[in-house]
Structures are given as structure tokens and as C-alpha cells.
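Please look over the sequence and the structure below before reading on. The text that follows is meant for someone meeting them for the first time.

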Amino acid sequence: MSPKIITIKEKKLIGMKRQMLQHQYQKIPALWKQFMPRKEEIRNTINNEFIAVQEYSDFGNFGAPFDIWACIEAYEISHIPNGFEILTIPESLYAVFLQKGMDASGTYQRIMTEWLPNSGYAIDNRPHFQVMGAKYKNGSPDSEEDFYVPIRTLE
């Protein structure tokens, strides 16, 4: 695993969010099923990529609830359709991993148990997110997406 270490520019996202617990995976497809028919209501989008976000209040505490988001990035936040919310991810440091196939949880586990302990970085308290662009094919072993993991250098 060799991620790209980058500083992202601020991202302004418009989307829908739900709170969930670690074992409530069924809430993820339900959120996207609610979001997708209404995505065209979002104006000023930057591109056609979808962004899945996880906001942890207590990262590493697997019993704590966290927020999941289904979003699109916008260059301007001027019109927010009913039922949508705004999330801003600040300019900050991320490790970006290419995820191939549909074993996202396996990839994430390898990031945390194999890459992170030897990386010289620690997880930072900012949103984790995945960008699903043109190569994302839901349910396909040929699917590709980028995992963005918030990091800070160890002191």
C-alpha cells in the first residue's frame, strides 16, 4: 500500500446525511437510494463525481455513532434543496488510496493495520471520504474509487 500524500483544497459539499453505528451497514445503500433520484436538484456542481463521507466524533470507538453522507461537490453554495445539508472539508492533509473492487472494508482494515502503524502519520479528526468518479461501477470487481484518509504527522 503506497498512497499519495496530498493537501486537498477546501471542499464544499451538498448532500444528505444519516447517523449510524458500525454494524448498521444497511443505512449506507438506503441513504444513496434516497440521494440519487434528487441529485439533479443540486446546482453549481464541480463535476459528476459522488462523494461518500464519514464523520466520526470518536474515531476508533466502534460503539459510537457517526454520520455518513452522500454528496456532490459544488463550487458555490447558493441554493440548498429541501432535505439537503452543507458540509465543508477544510484544506488539509490526506493519504489517498486507490480502492479496486468492492471490498472496501478489507481495504480500510489494511490501511489501519498495515499502512498506518509504519507510516509516520496518525489519523486526524476530520472527515474520511471516498470519491466515486468515472471508473466507479457499483457492485463490479472492476470498480475503482479513491479513499481519502485524514492524517497528521506524528510528533
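Predicted model: local features only at pLDDT ≥ 70, side-chain atom pairs only at ≥ 80, totals over all residues.

Helix α2 runs over residues 104-115.

Which residues of α2 are buried? They are G106, T107, Y108, I111, M112 and W115. These buried residues pack against five strands: β1 (4-8), β6, β7 (121-123), β8 (128-132) and β9 (144-153). Strand β6, one of these partners, covers residues 92-100.

Helix α2 also takes part in the largest pocket, where the largest share of the lining, six residues, comes from α2. The volume of this pocket is about 1,200 Å³. Its lining is made up of 35 residues, and those nearest the centre of the pocket are Y25, I28, Q54, A104 and Q130. Several elements contribute to the lining of the largest pocket: α1 (27-35), β3, β4, α2, β8 and β9 each supply at least two residues. Of these elements, β8 and β9 are also among the strands that the buried residues of α2 pack against.

The next topic is the aromatic rings. How many aromatic pairs does a search of the whole structure find? The search finds twelve. One of them joins Y56 and F66 in a tilted arrangement, with 4.8 Å from centre to centre and 35 degrees between the planes. This pair links distant parts of the chain, since Y56 belongs to strand β3 (residues 50-56) and F66 to strand β4 (residues 66-73), ten residues apart. Y56 and F66 are both buried.

Elsewhere, ring pairs connect W32, F35, F50 and F84 into a cluster. Another ring has a charged neighbour: R126 lies over the face of Y94, 4.8 Å from the ring centre.

Conventions
Residues numbered from 1 in each chain as written. Heavy atoms only, no water. Phe/Tyr/Trp six-rings, centres within 6.5 Å; stacked < 30°, edge-to-face > 60°. Helix = DSSP H or I, 4+ residues; strand = E, 2+ residues; numbered from the N terminus. Buried < 20%, exposed > 50% of the residue type's maximum accessible area, 1.4 Å probe, protein only. Lys NZ or Arg CZ within 6 Å of the ring centre and 35° of its normal. Contact = heavy atoms within 4.5 Å. 1 Å grid on protein atoms, 1.4 Å probe; cavity = no way out; pocket = protein on both sides within 12 Å on 5 of 7 lines; lining within 4 Å. Points joined across faces, edges and corners; volume = space filled by probe spheres on them.
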